Every structure is written in structure tokens, then in C-alpha cells.
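This briefing is intended for a reader who has the coordinates at hand. Please consult the structure below alongside the notes.

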Amino acid sequence: METLELTQEEQFQARIDADVRIEPKDWMPDAYRKTLIRQISQHAHSELVGMLPEGNWITRAPSLKRKSILLAKVQDEAGHGLYLYSAAETLGASRDQMLADLHSGKAKYSSIFNYPTLSWADMGCVGWLVDGAAILNQVPLCRTSYGPYARAMVRVCKEESFHQRQGFEIMQTLCEGSPEQKAMAQEGLNRWWWPTLMMFGPADADSPNTAQSMNWRIKRFTNDELRQKFVDMMVPQAEFLGLTVPDPNLKWNEAKQGYDFGDVDWEEFWNVVKGNGMCNKERLQARVQAHEEGAWVREAALAHAEKRKQREAVAA
Amino acid sequence: MMTDSTMPAQATAAAPSEAQAQLFPFVLQLADTSLILAHRLSEWCGHGPILEQDLAMANIALDFLGEARSYYQYAAELEGKGRSEDDLAYLRSAVEYRNPLLVEQPNGDFAGTIVRQFIYDCFHYHLLLQLKSGPDAQLAAIAEKSVKEAAYHIKWSAEWVIRLGDGTEESRRRVEKAIENLWRYTGELTTPSATEQALQAAGFVPDYAAIREQMDAHIARVFEEATLAVPVGVFMQKGGKDGRHTEHLGYLLAELQYMQRTYPGLQW
């Protein structure tokens with residue numbers, strides 16, 4: 001029995017190493033399945049909760065065009081949630097269970113959504129910075145070893161890059177506008193810069209799951225590698241906008257051909273992860289409330305489908 | 001109007017005809033109606049009872065928003081005073097808004113939203129069918145595009161009326177309550193305002209009595225399948241199309257117009 005398991009495990013790893021996609025019906029180690037369910041459902045939850053901070057501004061968007069773009073963007077996020085939940089379902093997880101885990105606090109979602117959106121510039125910052133960071137995290141996932149996840153991510157990434165461009169365009173419009181608008185943009189950047197750097201997760205030395213995930217090719221780059229890439233990509237864009245990145249230690253390093261930057265406040269990071277961010281309670285409450293208030297709607301839909309089925313059976 | 005041969009030819013060519021100019025308040029009314037309903041639906045975004053329905057409501061909101069923008073742009077052109085779609089949407093007060101009362105009513109629970117949507121969809125769909133073969137080319141073009149979307153909306157909302165009416169005891173109680181709350185706003189949709197009456201005489205606005213018949217038949221069919229009763233003898237409220245609204249519209253506009261009012265005259 002043990003040797004057989006080992007052989008399966010070895011065969012599995014050999015497929016991974018050869019970059020062959022793992023599909024739902026293939027044998028896979030329990031830990032691989034669990035890691036993926038955890039990661040994909042966490043990702044789906046992030047899309048769902050991520051609708052809230054931006055959803056906040058749909059009713060206050062400053063023009064009909066912006067309102068329409070923002071609504072379409074938040075709707076895309078609901079769509080991403082939908083295909084990610086479906087991808088997790090191919091691993092045997094149920095949507096009800098995943099949602100129950102979100103609502104009980106057992107499952108996590110991206111901490112960035114526990115920060116409040118306070119001005120219109122935040123719609124720019126969320127698109128430009130938060131979606132920018134998400135893209136860096138997600139593009140490698142288009143090549144992740146699990147087939148359904150990889151395919152879902154191809155679609156997600158296409159839409160995310162559109163989201164990022166619209167965020168940048170909001171920032172650009174603000175920066176080319178009145179002094180008030182420019183100040184709004186700078187104030188947004190000041191609040192979002194550090195939380196965005198935290199989106200890549202703890203430093204490699206403090207990231208216990210990274211090694212195994214890299215080995216299984218669920219993950220392709222370490223947290224610190226992605227964080228560095230992000231800073232190198234974003235600093236020139238901030239300069240182009242005429243905005244100041246709120247980091248006094250930010251400096252170009254010729255030798256490494258990248259920027260040196262200050263230390264992330266990990267105490268804040270862990271605090272928000274533990275539930276002490278500005279909006280942790282509100283975000284979760286909003287989800288739980290939508291779910292609980294929707295219970296009678298879901299029950300009615302099921303009851304009606306059942307009645308219809310019975311009537312058809314009688315008629316036939 | 002005096003004709004002046006020295007007037008630049010292009011100025012007369014670009015200006016809408018006198019008959020078309022009369023259309024401005026009606027097109028504006030259509031724009032306001034679609035915008036207010038889109039805004040209400042968009043309030044659900046992220047809070048829907050089922051993820052799939054969250055998506056559906058955002059989708060329908062986007063359709064109405066798109067339709068509103070087409071009407072506002074056309075209204076701005078008809079008015080010819082250099083106002084933009086955003087000026088018309090963001091810089092008019094509640095008493096200047098011309099939407100019927102039904103669409104400004106708060107979402108309530110999902111049953112309230114569904115009933116409001118279904119009734120409006122019934123009117124909207126049958127109105128667009130008429131407008132698309134109407135005498136004004138621009139309005140006909142907008143209706144032609146929108147009626148395809150409206151056909152989907154009415155299918156969606158009718159299916160939900162049926163599910164809720166013929167679902168559980170609770171869903172039935174809720175949908176009946178919603179019908180009771182909203183029925184008084186259904187008469188206004190097909191009661192022509194003075195503006196509409198004038199345009200009906202000129203053939204620009206279709207006959208509402210005919211639309212009412214089609215609407216009623218549609219509602220009766222769906223309510224029957226939903227095992228719901230069509231209310232009778234309800235006093236009908238009106239006024240929205242003349243700018244006399246319920247108290248709800250002011251709050252909605254305060255939120256909708258907040259940025260434009262706080263930071264006047266800027267580009268976003």
C-alpha cells in the first residue's frame with residue numbers, strides 16, 4: 001500500500017515537473033488538493049468581498065461614464081468569483097461550505113479589502129495599485145499546475161488588466177485636473193501604497209507555505225520577488241503621474257537594477273489579517289447579511305423548481 | 001420664426017426641427033427614468049441574495065444606464081444649449097426630474113425589487129416596441145437597440161415573480177406585500193402627462209391605452225402562473241412626470257450628484 005502511494009506521489013510530481021496540467025479526475029495528494037481548495041476559495045472570497053469597497057462608490061461616481069465603467073468592473077469581480085468557486089468545486093469543495101467558511105471567519109480573503117475607500121481617488125488607486133498587484137500575483141497562475149484554476153485565471157487576468165488601465169486613467173485624469181483633484185490623487189496614493197505592498201504576503205522568511213507551493217508549481221514566484229517587481233513597475237508610473245510615493249527610503253539601486261524600499265509595517269499587516277483592520281467587521285457583516293437576507297430567495301427558487309418537477313412528472 | 005438668408009447654412013442644418021425640439025422633455029423623461037432605475041438596481045451590487053443574481057442585477061443596471069446615456073445625449077442635442085449628458089443628470093434638482101414615481105421607490109427586499117422591475121419591464125418593453133417604429137429616427141434607433149435588452153429583462157423579472165409567488169409561504173407573503181406597496185405607482189406609467197399628450201397628438205408618443213392593454217395582459221399572464229392576484233380598485237399616485245416626487249428621490253439624487261455638486265465644473 002505504502003509503495004503504491006509513493007509511486008503515485010512520484011508519478012504526480014513527475015507530471016508537475018514536466019509541466020503537465022493536473023485535471024479534476026487525476027490522482028493528486030490530499031495536501032495538494034487541500035492547498036488548492038484553500039487558495040482558490042480564498043481567491044474567490046477576495047473577489048466577492050472585493051466588490052464591497054468599490055461597490056461603495058457606484059452610487060457616487062462623478063459622471064455617467066465613470067458610473068458605467070465602475071459598475072461593469074465590480075460586476076466582472078462577481079464573475080471572477082463565480083468561475084473561481086466553480087474551479088474549487090472541481091476539487092470536491094461545495095459552494096455552500098466555502099461560503100460558510102468565509103462567514104464563520106475560518107476562510108480568509110485578501111486583507112486589502114479591509115481598508116476603507118474614502119474618496120473618488122480610491123477608485124483610481126484600487127484599480128491602478130490593488131489590481132496591479134493582483135495581476136502580478138495572478139499572471140503566473142495562468143500557468144499553475146491545476147488545469148481548471150489555470151484556465152479560470154486566463155480569463156480573470158484579461159479582465160484585470162482592463163481594470164488596471166481604468167484605475168490608472170482615473171488617476172491620470174485627477175493628476176491633470178485641478179489642484180484639489182491632484183491632492184485627492186496624492187492622498188489616495190499615501191493611504192494605498194503600503195497596504196498594496198502587503199498584498200504579496202509576508203516576507204519569504206516568514207512564509208511557511210511558499211516552498212511546497214513552489215514545488216507543486218501552484219506558485220511560481222516568491223512573495224518578495226513579486227513585491228520587488230511591483231515596486232519596480234509602479235514607481236515610474238507614479239513619477240509619470242507626478243505623484244510622490246510615500247516612502248522616504250525609496251531609492252534606485254543601480255547594481256540590482258531595481259529599487260530599494262523601506263520596511264513594510266508587518267505589525268499592521270498581521271493586525272489586519274487577525275481581524276483588526278478598519279473594515280474587517282463591516283465587510284464580513286455585509287457578506288453575512290446578504291447571505292442571510294437572501295436565504296428565503298434561495299429557498300423559494302428551490303421550492304419552485306421542486307414543484308415544477310413534480311408537476312411535470314404528473315403530466316408525463 | 002424669421003428666416004434670414006444671411007444665416008450660416010450649417011446652423012440651420014444642425015438645429016433640430018421644431019417638431020423635434022418638442023421632444024426634448026419627453027426624451028429627458030425617458031433618460032431620467034432609465035437612470036433612476038439603473039441607480040436603484042446598482043445599489044444591490046455586492047449585496048445580492050445569490051451571486052448569479054447579483055450579476056444579473058448589475059447587468060440590467062448597466063443596460064438601463066446605457067439607455068439613459070443615449071437619451072441624455074440626444075436630449076442635450078435637442079435642447080441645443082451646450083449642456084452635456086452629465087449636466088442633465090447631475091445638475092438638475094428633484095423637482096426638475098421627470099421619472100415616474102415607480103422607479104424611484106427604494107429597493108426594499110428582493111421581492112420589492114423584482115415587483116418594481118417586472119412592472120416597469122412590462123411598460124418599458126411595450127413602449128420600446130412602439131418607439132422603434134415611431135417617426136423620430138434617433139429615438140427609433142435607441143429603442144431598436146434597447147428593446148432587445150428589455151426582452152431579456154422582462155423574461156428575468158417574470159421568472160422571478162413566478163418563483164417567488166409560487167415558491168414558499170414566505171416568498172409569497174413578501175411578493176404580495178411588494179405588490180400591495182407598489183401597485184399605486186403603476187397607473188402613472190400609462191397616464192399621459194401634458195407633455196406626453198401634446199406629443200401623442202403629434203404622433204411622437206404612442207397611444208398609452210394600447211400599451212396599457214398589452215401590459216395588463218402580460219402582467220395577468222405572469223401573475224396567473226405565479227398564483228398571484230392582480231389588485232383592483234387601488235388609488236393611483238402620480239406626479240413624477242411633472243416633477244412632483246416621493247421623498248425618496250431627494251436622497252437618491254443627493255448621493256448620485258454628490259461629486260458634481262461638491263466639485264463643480266471639473267472633469268473626471
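The notes that follow cover helix packing, aromatic pairs, charges over rings and backbone angles.

The model is predicted. Over all chains, the count of aromatic pairs comes to 21. Two helix contacts are described, one in chain A between α7 and α9 and one in chain B between α8 and α9.

**Helix packing in chain A**

- Helix α7 (residues 179-198) of chain A packs against helix α9 (residues 223-241) of chain A at an angle of about 175 degrees, and their axes lie 12 Å apart.
- Because angles over 145 degrees count as roughly antiparallel, α7(A) is roughly antiparallel to α9(A).
- On the side of α7(A), the contact is made by A:K182, A:W193, A:T196, A:L197 and A:M198.
- On the side of α9(A), the contributing residues are A:R227, A:F230, A:V231, A:M234, A:V235 and A:L241.
- By residue class, the contact of α7(A) with α9(A) comprises 8 nonpolar, 1 polar and 2 charged residues.

**Helix packing in chain B**

- Helix α8 (residues 137-165) of chain B and helix α9 (residues 169-182) of chain B pack with their axes 7 Å apart, at an angle of about 125 degrees.
- This angle makes α8(B) oblique to α9(B).
- B:R163, B:L164 and B:G165 in α8(B) meet B:S171, B:R172 and B:V175 in α9(B).
- The residues of this contact of α8(B) with α9(B) divide into 2 nonpolar, 2 polar and 2 charged.

**Aromatic pairs**

- A pair of aromatic rings is described by the distance of the centres and the angle of the planes.
- The rings of A:Y32 and A:W216 have centres 5.6 Å apart and planes at 90 degrees, so this pair is edge-to-face.
- The pair links distant parts of the chain, 184 residues apart: A:Y32 belongs to helix α2 (residues 30-55) of chain A, and A:W216 to the loop between α8 (210-215) and α9 of chain A.
- A:Y32 is buried, with a relative accessibility of 0%, and A:W216 is also buried, at 5%.
- The rings of A:W57 and B:Y258 have centres 6.4 Å apart and planes at 45 degrees, so this pair is tilted.
- A:W57 counts as buried at 1% relative accessibility, whereas B:Y258 counts as partly exposed at 33%.
- A:F12, A:W27, A:Y32 and A:W216 are linked into a cluster by ring pairs.

**Charges over rings in chain B**

- B:R92 lies over the face of B:Y97, at 4.7 Å from the ring centre.
- B:R163 lies over the face of B:W160, at 4.5 Å from the ring centre; B:R163 is also one of the α8(B) residues that meet α9(B).

**Positive phi angles in chain A**

- Most residues other than glycine have a negative phi.
- A:D19 is not a glycine, yet has a positive phi of about 60 degrees.
- A:D19 is found in the loop between α1 (2-17) and α2 of chain A, and is partly exposed at 46% relative accessibility.
- A:Q257, a residue other than glycine, has a positive phi near 55 degrees.
- A:Q257 is placed in the loop between β1 (251-253) and β2 (258-260) of chain A, and is partly exposed, with a relative accessible area of 47%.

Definitions and conventions
Residues are numbered from 1 along each chain as its sequence is written. Chains are lettered from A and ligands numbered from 1 in the order in which they are written. This is a predicted model: local features need pLDDT of at least 70, side-chain atom pairs count only at pLDDT 80 or more; totals for chains, interfaces and linings use all residues. Side-chain values use heavy atoms; hydrogens and water are left out. Axes are lines fitted to C-alpha atoms, for helices over the stretch in contact, and angles run from 0 to 180 degrees between N-to-C directions. Helices (H or I, at least four residues) and strands (E, at least two) are DSSP runs, numbered from the N terminus. Angles under 35 degrees count as roughly parallel, over 145 as roughly antiparallel, 65 to 115 as roughly perpendicular and the rest as oblique. Contact means heavy atoms within 4.5 Å. Ala, Val, Leu, Ile, Met, Phe, Trp, Tyr, Cys and Pro count as nonpolar, Asp, Glu, Lys and Arg as charged, and the others, Gly among them, as polar. Rings of Phe, Tyr and Trp (its six-membered ring) pair if their centres lie within 6.5 Å; planes under 30 degrees apart count as stacked, over 60 as edge-to-face and the rest as tilted. Buried means under 20% relative accessible area, exposed over 50%, partly exposed in between (1.4 Å probe, protein chains only). A charge sits over a ring if NZ of Lys or CZ of Arg is within 6 Å of the ring centre and within 35 degrees of the ring normal.
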